[in-house]
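Let's work through this one together, a feature at a time. Keep the picture open while we talk.

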Amino acid sequence: MNLVGVDIGGSHISAARVVFEEHTVKIDNFHEADVDTFGDVKSIIYAWAMVIQKAVGDLLDVRIGIAMPGPYDYQEGISLVKDQGKMASLYQLSVKNLLAESLDISPSRVGFTNDAEAFLAGESFAGAGRDFQNSIGITLGTGLGSAIKVYDVVKDAKLWTAPFRDGIAEDYLGTGWFRKHALDQFGIEISGAKDLISEGFDATVSHQIFEAFGRSLGEFLFPYLIRLHSEGVVLGGKISLAGDHYLPATQKYLHTMGYAVPINVSVLGERAALIGACLPFL
């Protein structure tokens, strides 16, 4: 059996062959592309299938594991994405069947996994989460992804809508918060966290914004770490790349609360979801 892992986002797709050898994983024949998911069904499916087919190449007896953001009926591969604009034309359609038809394979050879779940599963198998039996996976980017691992079971945690302060978690733990906080508190327009570490940016302002973000992350994580008896956190997403700037504040908060745990930044990057999406086939 040959495995191809796929990671699909709102505007991007990547796919590669995934080869498992005990507790090591090899990624081969990697392909990616930007995709306009505001389009019609035919154009979206065609664009996705083209990239997947390149990764499949001449492989026979292939299984395709796809990491996909929710909401989704992952068992049936049916899109429930409705109000985000992106992928709207796929609402209530079986993406599993559409892709299988486009790739000329049986739908039984295509599996879907929540993207945050796939991220944590991949990192737990071969990356930053290998040492944790119980852990929380968080992806920080445009939105907030979350998953929990308890022994060998990894599940989507859906914490992005969890009540937090005067809103929900995603209000404080994503790119939107950085833009809003910089404008409200300092009158500065930024595109996201990466601007704060760019050359020439005011280091004092940058430090204050990251300090506030890091504390928010710690405050958000604390009750879930306690409740789930988590041994550590695995952090991914674009904002995790600036972890050195805000994780000290996160750790300081958790230490003050008496529950300091390791927070490991992803070592697999985008490969984590490709690996995690294939694990259900093993």
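**Reading the fold, step by step**

A: Let's start with Glu199, which sits in the loop between helix 6 and helix 7. Helices (H or I, at least four residues) and strands (E, at least two) are DSSP runs numbered from the N terminus. This is a predicted model, where local features need pLDDT of at least 70 and side-chain atom pairs count only at pLDDT 80 or more, while totals for chains, interfaces and linings use all residues. Residues are numbered from 1 along each chain as its sequence is written, and side-chain values use heavy atoms, with hydrogens and water left out.

Q: Is Glu199 buried or exposed?

A: Look at relative accessible area: under 20% is buried, over 50% is exposed, and partly exposed lies in between (1.4 Å probe, protein chains only). Glu199 has 85% relative accessibility, so it counts as exposed. Along the chain, Glu199 and Gly237 are 38 residues apart, and their C-alpha atoms are 22 Å apart in space.

Q: What about Ser79: buried or exposed?

A: Ser79 counts as buried because its relative accessibility is 0%. You'll find Ser79 in strand 6 (residues 78-79).

Q: Which residues is Ser79 in contact with?

A: Contact means heavy atoms within 4.5 Å. Skipping neighbours within four places in sequence, Ser79 is in contact with Pro71, Tyr72, Leu90, Tyr91, Gln92, Leu93 and Val95. Pro71 has its own story: a cis peptide bond joins Gly70 and Pro71, with omega about 5°. Pro71 lies in the loop between strand 4 (62-68) and strand 5 (72-73).

Q: What does Pro69 touch?

A: Pro69 is also placed in the loop between strand 4 and strand 5. Not counting residues up to four places away in sequence, Pro69 touches Ile8, Tyr74, Val81, Met87 and Asp115.

Q: How do I read two packed helices?

A: Two packed helices are described by the angle between their axes and the distance between the axes. Here axes are lines fitted to C-alpha atoms, for helices over the stretch in contact, and angles run from 0 to 180 degrees between N-to-C directions.

Q: Which residues meet where helix 1 and helix 2 pack?

A: From helix 1, Val41, Ile45, Trp48, Ala49, Ile52 and Gln53 meet Val95, Leu98, Leu99, Ser102 and Leu103 of helix 2. By class, this contact has nine nonpolar, two polar and no charged residues. For the classes, Ala, Val, Leu, Ile, Met, Phe, Trp, Tyr, Cys and Pro are nonpolar, Asp, Glu, Lys and Arg are charged, and the others, Gly among them, are polar.

Q: At what angle do helix 3 and helix 9 cross?

A: The axes of helix 3 (residues 115-126) and helix 9 (residues 271-278) cross at roughly 90° and come within 6 Å. That makes helix 3 roughly perpendicular to helix 9. The contact residues divide into seven nonpolar, two polar and one charged.

Q: How many residues of helix 9 are buried?

A: Seven of its eight residues are buried, so helix 9 is mostly covered. The cover includes strand 1 (2-8), strand 2 (12-21), strand 3, strand 4, strand 7 and helix 3.

Q: Which residues touch the most other members in the largest nonpolar core?

A: A nonpolar core is a set of buried Ala, Val, Leu, Ile, Met, Phe, Trp, Tyr and Cys residues joined through side-chain atoms within 4.5 Å. In the largest one, with 38 residues, Ile138, Leu140, Phe178, Phe220 and Tyr246 touch the most other members. Helix 7 gives the most to this core, with ten residues. A second, separate core of 29 residues includes Ile13, Val81, Met87 and Leu103.

Note on methods
Angles under 35 degrees count as roughly parallel, over 145 as roughly antiparallel, 65 to 115 as roughly perpendicular and the rest as oblique.
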